[in-house]
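Me: I'd like to learn how to read helix packing and residue surroundings in a model. Could we go through one together?

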Amino acid sequence: MVDASIFNNDKSHLIIPPLSGFYDRVAQPLAWSIFRLAVGGMLVVEGWPKIMAPLAQVGFVEKLGFYPGWLWSPTLAIMQVFGGLLIALGLFTRPAALANGVMLAITIYFHLANPYGDAFLTQAGIDALKAGSDFFTPQAAARLADGGHTFLHLVQSKAELASLFWTGGAFLFAAFGGGYFSLDRVLFKKQF
C-alpha cells in the first residue's frame with residue numbers, strides 16, 4: 001500500500017505548522033488547478049491546427065502503425081482539443097487525461113525513434129551560407145554556421161523534454177483526478 005501522507009497538511013507533519021491551513025485552502029487547490037489548466041490548455045493549442053485540417057496527420061499516424069489513417073488522424077485531433085478542454089475544466093478528468101497521456105507517450109516514442117538528424121544543410125547549403133547568400137538572415141546564418149547540427153539537436157531535445165513533461169502531467173491527472181476546483185467535484189460531488 002502506498003502512503004499518501006506527502007499530501008497531508010496536518011500540523012504534526014509540517015516543519016512550519018501554522019502553514020497547514022494555507023496549504024489546504026490556498027496553495028494546493030491553486031497549484032493543482034493552474035497545472036490542470038496548463039496541461040489541458042496545451043493540448044487544445046497543440047490540437048487546434050489538427051482540428052482545422054483533420055486529415056493532415058494521416059501519413060504520420062500510419063507511420064506509427066495506426067491504420068486507417070483517415071480514422072486516426074481526426075481522432076487524434078478530437079482527443080487533443082476536446083480532451084484538453086475536459087482536462088482544463090476538470091470534467092471527466094481521469095478518462096480524458098488517460099487517453100491523452102497514452103497519446104503523449106506515443107509522441108515521446110516517436111521523437112526518440114525519429115530524431116531530426118545531425119545536419120540541416122547540405123554541404124552546398126553550408127557553402128552558400130559562408131559565401132554570404134541573401135537567402136539567410138544574420139540570425140539564421142549564426143544558427144546554421146555548423147550546418148544546423150546544434151540547432152537540430154536543440155530542437156530534438158526540446159521535443160523530447162516537452163513531450164516527457166506533458167505526458168507526466170497528463171498521467172498525473174489520470175492518477176489523481178481533477179482536484180479541488182474541478183467540475184467533476186462540483187457537478188458530481190465525486191471524481192472519476
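Reply: Happy to! Helix 3 passes helix 4 in a left-handed crossing, where left-handed means that the near helix is turned anticlockwise from the far one by less than a right angle, and right-handed that it is turned clockwise. Helices here are DSSP runs of H or I with at least four residues, numbered from the N terminus. This is a predicted model, in which local features need pLDDT of at least 70 and side-chain atom pairs count only at pLDDT 80 or more, while totals for chains, interfaces and linings use all residues. Residues are numbered from 1 along each chain as its sequence is written, and side-chain values use heavy atoms, leaving out hydrogens and water.

Me: At what angle do helix 3 and helix 4 cross?

Reply: Two packed helices are described by the angle between their axes and the distance between the axes. For helix 3 and helix 4, the axes come within 9 Å and cross at roughly 140°. Axes are lines fitted to C-alpha atoms, for helices over the stretch in contact, with angles from 0 to 180 degrees between N-to-C directions. Helix 3 is therefore oblique to helix 4; under 35 degrees would be roughly parallel, over 145 roughly antiparallel, 65 to 115 roughly perpendicular, and the rest is oblique.

Me: Which residues of helix 3 and helix 4 meet?

Reply: Contact means heavy atoms within 4.5 Å. On helix 3, the residues include Leu76, Gly83 and Ile87, and they meet residues of helix 4, among them Ala96, Asn100 and Met103. By class, this contact of helix 3 with helix 4 has eight nonpolar, five polar and no charged residues. Ala, Val, Leu, Ile, Met, Phe, Trp, Tyr, Cys and Pro count as nonpolar, Asp, Glu, Lys and Arg as charged, and the others, Gly among them, as polar.

Me: How is helix 1 placed against helix 3?

Reply: The axes of helix 1 (residues 20-52) and helix 3 (residues 69-89) cross at roughly 155° and come within 7 Å. The two helices are therefore roughly antiparallel to each other. The contact of helix 1 with helix 3 holds 15 nonpolar, five polar and three charged residues.

Me: What is the angle between helix 1 and helix 7?

Reply: Helix 1 and helix 7 pack at about 125°, their axes 10 Å apart. That makes helix 1 oblique to helix 7, and their crossing is left-handed. Trp32, Phe35 and Met42 of helix 1 take part, as do Phe165, Trp166 and Phe173 of helix 7, among others.

Me: Is serine 182 buried or exposed?

Reply: Buried means under 20% relative accessible area, exposed over 50%, and partly exposed in between, with a 1.4 Å probe and protein chains only. Serine 182 has a relative accessible area of 0%, so this residue is buried. Its place is in the loop between helix 7 (149-176) and helix 8 (183-188). Leaving aside neighbours within four places in sequence, serine 182 is in contact with Arg36, Leu89 and Gly90.

Me: Which residues does histidine 111 touch?

Reply: Histidine 111 is found in helix 4 (residues 93-113). Not counting residues up to four places away in sequence, histidine 111 touches Tyr116, Gln156, Ala159, Glu160 and Ser163. At a relative accessible area of 12%, histidine 111 is buried.
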